Amino acid sequence: MAVPILKQGPFLIASIQAALTDTDVLQLRDDVMSQVTRHRSRGIIVDVTALDVMDSFVSRSLRGIAMMTRLRGAETVIVGIQPEVAFAMVQLGMNFEDVQTALDLEEGLALLQTQEGPADGGS
Amino acid sequence: MADPDTPDGAPAPDTSAASALLRELVAHLRQNRTVLREEWARRITEAQLLTALTPEEIFSEATSVYDNYVEVLETGSVEALQDYARNLSERIIPRGVETDEVLGIVLLLRDVLARSLFEKYQDDFNRVLDVYEPAANRIANTVAINFVQERERVIRQQQEAIRELSTPVLQVRERLLILPIIGVLDGQRARQLTEQLLRGIRTNRAKVVVIDITGVPTIDSTVANHLVQTVDASRLMGASVIITGLSPEIAQTLVTLGVELGKVNAVGDLQGGIEEAERILGYQVSLGSDSIEDSQLR
(Lines give C-alpha, C1' and ligand atoms only; values in the text may rest on other atoms or scores of the structure.)
Protein backbone atom coordinates (compact mmCIF):
# COMPACT_ATOMS: atom_id res chain seq x y z
CA MET A 1 0.00 0.00 0.00
CA ALA A 2 1.48 3.30 -1.10
CA VAL A 3 2.01 5.97 1.55
CA PRO A 4 0.23 9.25 0.76
CA ILE A 5 2.46 12.31 0.87
CA LEU A 6 0.73 15.63 1.49
CA LYS A 7 2.18 19.06 0.95
CA GLN A 8 1.61 21.45 3.81
CA GLY A 9 3.22 24.83 3.13
CA PRO A 10 6.96 24.36 3.03
CA PHE A 11 6.67 20.89 4.56
CA LEU A 12 5.69 17.43 3.40
CA ILE A 13 3.68 15.03 5.52
CA ALA A 14 3.98 11.29 4.86
CA SER A 15 1.42 9.49 6.93
CA ILE A 16 1.93 5.74 7.12
CA GLN A 17 -1.46 4.05 7.37
CA ALA A 18 -0.66 0.37 7.70
CA ALA A 19 2.23 -2.03 8.08
CA LEU A 20 4.74 -1.57 5.28
CA THR A 21 6.30 -4.20 3.08
CA ASP A 22 9.90 -3.73 2.04
CA THR A 23 8.75 -2.58 -1.41
CA ASP A 24 6.45 0.01 0.16
CA VAL A 25 9.36 1.37 2.15
CA LEU A 26 11.54 1.75 -0.93
CA GLN A 27 8.61 3.31 -2.78
CA LEU A 28 8.15 5.78 0.08
CA ARG A 29 11.83 6.71 -0.09
CA ASP A 30 11.66 7.40 -3.82
CA ASP A 31 8.38 9.33 -3.49
CA VAL A 32 9.71 11.50 -0.68
CA MET A 33 12.87 12.31 -2.61
CA SER A 34 11.03 13.26 -5.78
CA GLN A 35 8.45 15.36 -3.90
CA VAL A 36 11.15 17.15 -1.92
CA THR A 37 12.82 18.02 -5.21
CA ARG A 38 9.58 19.09 -6.87
CA HIS A 39 8.21 21.25 -4.04
CA ARG A 40 11.60 22.42 -2.72
CA SER A 41 10.36 21.43 0.73
CA ARG A 42 12.17 22.53 3.88
CA GLY A 43 10.98 19.71 6.10
CA ILE A 44 9.34 16.28 6.04
CA ILE A 45 7.24 14.66 8.71
CA VAL A 46 6.88 10.89 8.67
CA ASP A 47 3.98 9.84 10.86
CA VAL A 48 4.33 6.28 12.15
CA THR A 49 1.46 6.38 14.66
CA ALA A 50 -0.26 3.48 12.92
CA LEU A 51 2.76 1.19 13.18
CA ASP A 52 2.75 -1.12 16.17
CA VAL A 53 5.91 -2.88 15.05
CA MET A 54 8.96 -1.37 13.49
CA ASP A 55 11.49 -3.86 12.16
CA SER A 56 15.11 -3.06 11.52
CA PHE A 57 14.62 -2.63 7.78
CA VAL A 58 11.89 -0.03 8.23
CA SER A 59 13.80 1.90 10.87
CA ARG A 60 17.02 1.76 8.86
CA SER A 61 15.17 2.99 5.78
CA LEU A 62 13.50 5.83 7.70
CA ARG A 63 16.89 6.87 8.98
CA GLY A 64 18.17 6.67 5.39
CA ILE A 65 15.35 8.93 4.20
CA ALA A 66 16.24 11.45 6.91
CA MET A 67 19.89 11.45 5.86
CA MET A 68 19.04 11.82 2.17
CA THR A 69 16.55 14.64 2.60
CA ARG A 70 19.03 16.45 4.80
CA LEU A 71 21.38 16.45 1.81
CA ARG A 72 18.60 18.18 -0.13
CA GLY A 73 18.26 20.76 2.62
CA ALA A 74 15.14 19.33 4.21
CA GLU A 75 14.95 18.16 7.83
CA THR A 76 13.01 14.96 8.55
CA VAL A 77 11.07 14.42 11.76
CA ILE A 78 9.68 11.03 12.69
CA VAL A 79 6.51 11.43 14.74
CA GLY A 80 4.09 9.16 16.57
CA ILE A 81 6.38 6.34 17.70
CA GLN A 82 4.30 4.27 20.12
CA PRO A 83 5.63 3.51 23.63
CA GLU A 84 5.97 -0.20 22.92
CA VAL A 85 7.72 0.46 19.63
CA ALA A 86 10.10 2.94 21.24
CA PHE A 87 11.00 0.45 23.94
CA ALA A 88 11.50 -2.38 21.48
CA MET A 89 13.65 -0.18 19.25
CA VAL A 90 16.08 0.85 21.97
CA GLN A 91 16.34 -2.74 23.13
CA LEU A 92 17.38 -3.70 19.62
CA GLY A 93 19.86 -0.85 19.60
CA MET A 94 18.03 1.20 16.98
CA ASN A 95 17.86 4.55 18.68
CA PHE A 96 17.65 6.97 15.72
CA GLU A 97 20.47 8.99 17.22
CA ASP A 98 20.80 11.50 14.40
CA VAL A 99 17.14 11.69 13.43
CA GLN A 100 14.71 14.14 14.99
CA THR A 101 11.63 12.74 16.68
CA ALA A 102 8.46 14.24 18.10
CA LEU A 103 5.38 13.02 19.92
CA ASP A 104 2.83 13.54 17.17
CA LEU A 105 2.10 15.44 13.98
CA GLU A 106 1.33 18.67 15.79
CA GLU A 107 4.59 18.56 17.75
CA GLY A 108 6.52 17.67 14.63
CA LEU A 109 5.15 20.66 12.74
CA ALA A 110 5.91 22.92 15.70
CA LEU A 111 9.45 21.58 15.81
CA LEU A 112 10.01 22.20 12.09
CA GLN A 113 8.52 25.66 12.36
CA THR A 114 10.81 26.71 15.20
CA GLN A 115 13.81 25.47 13.23
CA GLU A 116 12.54 27.22 10.14
CA GLY A 117 11.85 30.45 11.98
CA PRO A 118 15.29 32.03 12.48
CA ALA A 119 16.68 30.83 9.15
CA ASP A 120 13.63 32.12 7.32
CA GLY A 121 13.49 35.42 9.18
CA GLY A 122 14.68 37.57 6.29
CA SER A 123 12.18 36.57 3.63
CA MET B 1 -0.17 -30.02 39.29
CA ALA B 2 1.32 -32.18 42.06
CA ASP B 3 -1.06 -32.79 44.90
CA PRO B 4 0.83 -32.12 48.12
CA ASP B 5 -1.81 -33.86 50.17
CA THR B 6 -1.50 -37.40 48.86
CA PRO B 7 -0.71 -39.76 51.71
CA ASP B 8 2.69 -41.39 51.43
CA GLY B 9 1.45 -44.87 50.51
CA ALA B 10 1.64 -47.54 53.20
CA PRO B 11 -1.93 -48.85 52.98
CA ALA B 12 -3.39 -50.26 56.17
CA PRO B 13 -2.76 -54.01 56.34
CA ASP B 14 -6.35 -55.05 56.81
CA THR B 15 -8.59 -52.55 55.15
CA SER B 16 -11.96 -53.64 56.40
CA ALA B 17 -10.80 -54.09 60.00
CA ALA B 18 -8.97 -50.77 59.81
CA SER B 19 -12.00 -48.90 58.51
CA ALA B 20 -14.17 -50.47 61.19
CA LEU B 21 -11.70 -49.30 63.80
CA LEU B 22 -11.61 -45.85 62.22
CA ARG B 23 -15.40 -45.62 62.44
CA GLU B 24 -15.16 -46.53 66.08
CA LEU B 25 -12.54 -43.83 66.69
CA VAL B 26 -14.64 -41.24 64.93
CA ALA B 27 -17.66 -42.20 67.03
CA HIS B 28 -15.56 -41.86 70.16
CA LEU B 29 -14.32 -38.42 69.13
CA ARG B 30 -17.84 -37.29 68.26
CA GLN B 31 -19.11 -38.46 71.64
CA ASN B 32 -16.46 -36.59 73.54
CA ARG B 33 -16.63 -33.52 71.34
CA THR B 34 -17.43 -31.03 74.10
CA VAL B 35 -14.78 -32.24 76.52
CA LEU B 36 -12.02 -32.60 73.98
CA ARG B 37 -12.79 -29.32 72.33
CA GLU B 38 -12.60 -27.50 75.64
CA GLU B 39 -9.43 -29.31 76.55
CA TRP B 40 -7.92 -28.26 73.25
CA ALA B 41 -8.98 -24.62 73.59
CA ARG B 42 -7.51 -24.61 77.08
CA ARG B 43 -4.19 -26.00 75.85
CA ILE B 44 -4.10 -23.40 73.09
CA THR B 45 -4.49 -20.60 75.61
CA GLU B 46 -1.96 -22.25 77.91
CA ALA B 47 0.64 -22.45 75.15
CA GLN B 48 -0.06 -18.80 74.39
CA LEU B 49 -0.91 -19.52 70.78
CA LEU B 50 -3.29 -17.37 68.72
CA THR B 51 -2.84 -14.46 71.11
CA ALA B 52 -4.14 -12.17 68.39
CA LEU B 53 -7.62 -13.71 68.73
CA THR B 54 -10.08 -13.36 71.62
CA PRO B 55 -10.92 -16.50 73.69
CA GLU B 56 -14.39 -16.59 72.08
CA GLU B 57 -12.91 -16.51 68.63
CA ILE B 58 -10.45 -19.23 69.54
CA PHE B 59 -13.30 -21.37 70.83
CA SER B 60 -15.43 -20.93 67.74
CA GLU B 61 -12.51 -21.59 65.39
CA ALA B 62 -11.56 -24.56 67.55
CA THR B 63 -15.06 -25.95 67.11
CA SER B 64 -14.92 -25.63 63.34
CA VAL B 65 -11.45 -27.12 63.14
CA TYR B 66 -12.46 -29.96 65.44
CA ASP B 67 -15.50 -30.86 63.36
CA ASN B 68 -13.52 -30.63 60.14
CA TYR B 69 -10.80 -32.73 61.68
CA VAL B 70 -13.12 -35.53 62.68
CA GLU B 71 -14.81 -35.39 59.32
CA VAL B 72 -11.49 -35.83 57.52
CA LEU B 73 -10.70 -38.78 59.79
CA GLU B 74 -14.02 -40.28 58.81
CA THR B 75 -14.10 -39.65 55.08
CA GLY B 76 -10.38 -39.47 54.32
CA SER B 77 -11.10 -36.56 51.95
CA VAL B 78 -9.27 -33.33 52.73
CA GLU B 79 -11.09 -31.16 50.21
CA ALA B 80 -13.54 -29.58 52.64
CA LEU B 81 -10.70 -29.07 55.10
CA GLN B 82 -8.61 -27.44 52.39
CA ASP B 83 -11.34 -24.91 51.71
CA TYR B 84 -11.79 -24.28 55.39
CA ALA B 85 -8.03 -23.91 55.96
CA ARG B 86 -7.75 -21.41 53.12
CA ASN B 87 -10.71 -19.47 54.44
CA LEU B 88 -9.32 -19.52 57.97
CA SER B 89 -5.91 -18.33 56.75
CA GLU B 90 -7.53 -15.49 54.85
CA ARG B 91 -9.22 -14.36 58.04
CA ILE B 92 -6.35 -14.72 60.48
CA ILE B 93 -3.33 -13.66 58.41
CA PRO B 94 -4.32 -9.99 58.48
CA ARG B 95 -4.57 -10.29 62.27
CA GLY B 96 -0.90 -11.22 62.49
CA VAL B 97 -1.14 -14.95 63.18
CA GLU B 98 2.17 -16.71 62.47
CA THR B 99 2.87 -20.02 60.77
CA ASP B 100 4.21 -21.66 63.93
CA GLU B 101 0.99 -20.80 65.79
CA VAL B 102 -1.21 -22.45 63.19
CA LEU B 103 1.03 -25.48 63.04
CA GLY B 104 1.15 -25.50 66.84
CA ILE B 105 -2.61 -25.63 67.31
CA VAL B 106 -3.08 -28.41 64.78
CA LEU B 107 -0.37 -30.47 66.45
CA LEU B 108 -1.96 -29.75 69.84
CA LEU B 109 -5.29 -31.07 68.60
CA ARG B 110 -3.54 -34.13 67.27
CA ASP B 111 -2.01 -34.74 70.68
CA VAL B 112 -5.22 -34.06 72.59
CA LEU B 113 -7.12 -36.56 70.46
CA ALA B 114 -4.31 -39.12 70.59
CA ARG B 115 -4.25 -38.93 74.39
CA SER B 116 -7.97 -39.39 74.61
CA LEU B 117 -7.77 -42.38 72.27
CA PHE B 118 -4.89 -43.79 74.28
CA GLU B 119 -6.98 -43.68 77.45
CA LYS B 120 -9.69 -45.68 75.81
CA TYR B 121 -7.63 -48.15 73.77
CA GLN B 122 -4.64 -48.66 76.04
CA ASP B 123 -4.25 -52.36 75.23
CA ASP B 124 -4.56 -52.01 71.51
CA PHE B 125 -2.98 -48.65 70.99
CA ASN B 126 -0.56 -49.67 68.22
CA ARG B 127 -3.42 -50.65 65.95
CA VAL B 128 -5.20 -47.38 66.73
CA LEU B 129 -2.08 -45.41 65.91
CA ASP B 130 -1.77 -47.23 62.56
CA VAL B 131 -5.14 -45.85 61.60
CA TYR B 132 -4.97 -42.51 63.33
CA GLU B 133 -1.46 -41.30 62.55
CA PRO B 134 -1.52 -41.17 58.73
CA ALA B 135 -4.82 -39.29 58.73
CA ALA B 136 -3.71 -36.91 61.47
CA ASN B 137 -0.42 -36.15 59.73
CA ARG B 138 -2.21 -35.54 56.52
CA ILE B 139 -4.50 -33.03 58.21
CA ALA B 140 -1.61 -31.18 59.81
CA ASN B 141 0.11 -31.13 56.45
CA THR B 142 -2.95 -29.79 54.65
CA VAL B 143 -3.55 -27.01 57.13
CA ALA B 144 0.09 -25.92 57.20
CA ILE B 145 0.44 -25.95 53.42
CA ASN B 146 -2.72 -23.99 52.90
CA PHE B 147 -1.68 -21.45 55.47
CA VAL B 148 1.72 -20.97 53.88
CA GLN B 149 0.24 -20.79 50.39
CA GLU B 150 -2.20 -18.15 51.50
CA ARG B 151 0.59 -16.15 53.10
CA GLU B 152 2.65 -16.37 49.95
CA ARG B 153 -0.33 -15.22 47.92
CA VAL B 154 -0.74 -12.21 50.21
CA ILE B 155 2.98 -11.43 49.94
CA ARG B 156 2.87 -11.63 46.14
CA GLN B 157 -0.15 -9.37 46.06
CA GLN B 158 1.56 -6.84 48.28
CA GLN B 159 4.74 -6.94 46.20
CA GLU B 160 2.65 -6.19 43.15
CA ALA B 161 0.97 -3.29 44.94
CA ILE B 162 4.26 -1.87 46.14
CA ARG B 163 5.64 -2.07 42.64
CA GLU B 164 2.65 -0.25 41.22
CA LEU B 165 2.94 2.44 43.85
CA SER B 166 6.66 2.75 43.60
CA THR B 167 6.85 4.35 40.18
CA PRO B 168 4.53 7.33 40.05
CA VAL B 169 4.71 9.53 36.98
CA LEU B 170 3.68 13.03 38.00
CA GLN B 171 2.99 16.09 35.96
CA VAL B 172 4.37 19.22 37.64
CA ARG B 173 3.78 21.65 34.80
CA GLU B 174 2.20 21.57 31.41
CA ARG B 175 4.39 19.15 29.38
CA LEU B 176 6.78 18.49 32.27
CA LEU B 177 6.76 15.16 34.09
CA ILE B 178 8.74 14.06 37.08
CA LEU B 179 9.47 10.47 37.95
CA PRO B 180 10.86 10.09 41.46
CA ILE B 181 12.39 6.68 42.01
CA ILE B 182 12.78 5.43 45.56
CA GLY B 183 14.32 2.15 46.60
CA VAL B 184 16.36 -0.50 44.88
CA LEU B 185 15.98 -0.74 41.12
CA ASP B 186 16.09 -4.23 39.67
CA GLY B 187 15.68 -5.27 36.08
CA GLN B 188 11.94 -5.90 36.33
CA ARG B 189 11.21 -2.65 38.12
CA ALA B 190 13.35 -0.71 35.68
CA ARG B 191 11.41 -2.19 32.80
CA GLN B 192 8.06 -1.42 34.41
CA LEU B 193 9.22 2.10 35.10
CA THR B 194 10.15 2.60 31.46
CA GLU B 195 6.77 1.35 30.30
CA GLN B 196 4.91 3.62 32.69
CA LEU B 197 7.03 6.59 31.75
CA LEU B 198 6.51 6.08 28.01
CA ARG B 199 2.76 5.77 28.52
CA GLY B 200 2.87 8.89 30.70
CA ILE B 201 4.69 10.80 27.98
CA ARG B 202 1.97 9.93 25.50
CA THR B 203 -1.01 10.71 27.75
CA ASN B 204 0.43 13.94 29.18
CA ARG B 205 2.04 15.00 25.89
CA ALA B 206 5.25 15.62 27.80
CA LYS B 207 8.26 17.33 26.28
CA VAL B 208 10.61 17.08 29.23
CA VAL B 209 10.91 14.38 31.89
CA VAL B 210 12.91 14.69 35.08
CA ILE B 211 13.91 11.32 36.54
CA ASP B 212 15.01 11.77 40.13
CA ILE B 213 17.07 8.92 41.55
CA THR B 214 18.01 10.51 44.87
CA GLY B 215 16.26 7.64 46.64
CA VAL B 216 18.12 4.88 44.80
CA PRO B 217 20.92 3.48 46.97
CA THR B 218 22.85 1.54 44.32
CA ILE B 219 22.81 0.90 40.62
CA ASP B 220 24.40 -1.93 38.69
CA SER B 221 25.36 -1.99 35.04
CA THR B 222 22.12 -3.67 33.90
CA VAL B 223 19.99 -1.01 35.53
CA ALA B 224 22.25 1.77 34.30
CA ASN B 225 21.89 0.50 30.76
CA HIS B 226 18.17 0.34 31.30
CA LEU B 227 18.18 3.99 32.31
CA VAL B 228 20.06 4.84 29.14
CA GLN B 229 17.48 2.90 27.15
CA THR B 230 14.71 4.78 28.91
CA VAL B 231 16.34 8.05 27.91
CA ASP B 232 16.64 6.89 24.28
CA ALA B 233 13.08 5.58 24.13
CA SER B 234 11.72 8.83 25.57
CA ARG B 235 13.63 10.74 22.94
CA LEU B 236 12.03 8.60 20.25
CA MET B 237 8.71 9.83 21.58
CA GLY B 238 9.88 13.39 21.39
CA ALA B 239 10.62 13.99 25.07
CA SER B 240 14.00 14.86 26.51
CA VAL B 241 15.07 13.38 29.82
CA ILE B 242 16.97 14.98 32.66
CA ILE B 243 18.37 12.69 35.34
CA THR B 244 18.83 14.22 38.77
CA GLY B 245 20.12 13.10 42.13
CA LEU B 246 22.91 10.80 40.98
CA SER B 247 24.77 10.36 44.25
CA PRO B 248 28.57 10.61 44.24
CA GLU B 249 28.77 6.85 44.88
CA ILE B 250 26.51 6.03 41.96
CA ALA B 251 28.35 8.46 39.71
CA GLN B 252 31.58 6.75 40.64
CA THR B 253 30.14 3.29 40.02
CA LEU B 254 28.79 4.28 36.62
CA VAL B 255 32.11 5.72 35.51
CA THR B 256 33.98 2.69 36.83
CA LEU B 257 31.57 0.35 35.05
CA GLY B 258 32.09 2.34 31.87
CA VAL B 259 28.40 2.92 31.26
CA GLU B 260 27.88 5.19 28.26
CA LEU B 261 26.20 8.19 29.87
CA GLY B 262 27.62 10.87 27.61
CA LYS B 263 24.30 11.60 25.95
CA VAL B 264 22.38 11.74 29.20
CA ASN B 265 21.49 15.14 30.53
CA ALA B 266 22.24 15.03 34.27
CA VAL B 267 21.70 17.71 36.88
CA GLY B 268 22.77 17.57 40.53
CA ASP B 269 19.48 17.68 42.38
CA LEU B 270 15.75 17.66 41.70
CA GLN B 271 15.44 21.41 42.09
CA GLY B 272 18.16 21.98 39.52
CA GLY B 273 16.51 19.45 37.23
CA ILE B 274 13.16 21.17 37.37
CA GLU B 275 14.79 24.54 36.77
CA GLU B 276 16.62 23.13 33.77
CA ALA B 277 13.38 21.63 32.46
CA GLU B 278 11.59 24.95 32.87
CA ARG B 279 14.37 26.62 30.95
CA ILE B 280 13.98 24.11 28.08
CA LEU B 281 10.22 24.61 28.06
CA GLY B 282 10.59 28.40 28.19
CA TYR B 283 9.00 28.94 31.58
CA GLN B 284 10.20 31.89 33.58
CA VAL B 285 9.55 31.64 37.30
CA SER B 286 9.80 34.81 39.32
CA LEU B 287 9.01 35.70 42.90
CA GLY B 288 5.89 37.77 43.47
CA SER B 289 6.33 40.88 45.61
CA ASP B 290 4.19 39.44 48.43
CA SER B 291 5.79 36.01 48.54
CA ILE B 292 6.89 34.55 51.85
CA GLU B 293 10.52 34.32 50.88
CA ASP B 294 10.50 37.90 49.76
CA SER B 295 9.17 39.20 53.07
CA GLN B 296 11.62 37.02 54.97
CA LEU B 297 14.50 38.43 53.00
CA ARG B 298 13.69 41.93 54.07
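Modeller: Contact here means heavy atoms within 4.5 Å. This is a predicted model, where local features need pLDDT of at least 70 and side-chain atom pairs pLDDT 80 or more, while totals for chains, interfaces and linings use all residues. Residues count from 1 along each chain as written, chains are lettered from A in written order, and side-chain values use heavy atoms, without hydrogens or water.

Colleague: Among contacts in chain A between residues at least 6 apart in sequence, what percentage join residues at least 24 apart?

Modeller: Chain A runs β-β-α-β-α-β-α-β-α from the N terminus, with helices (DSSP H or I, at least four residues) and strands (E, at least two) numbered from that end. For pairs at least 6 apart, the share that joins residues at least 24 apart is 71%.

Colleague: Which element supplies the largest share of the side of chain A that touches chain B?

Modeller: On that interface, 19 residues of chain A contact 18 of chain B. Polar contacts (N or O pairs within 3.5 Å, one able to donate a hydrogen and the other to accept it; sequence neighbours count only through side-chain atoms on both sides) link 12 residue pairs, both at pLDDT 80 or more. Helix H3 (83–91), strand S5 (100–102) and helix H4 (105–120) of chain A each bring at least two residues. The largest share, 6 residues, comes from H3(A).

Colleague: How many salt bridges are there between chain A and chain B?

Modeller: We count a Lys or Arg side-chain nitrogen within 4 Å of an Asp or Glu carboxyl oxygen. A:Glu107 and B:Arg205 make one at 3.3 Å, N to O. Between chain A and chain B, the count is 5.
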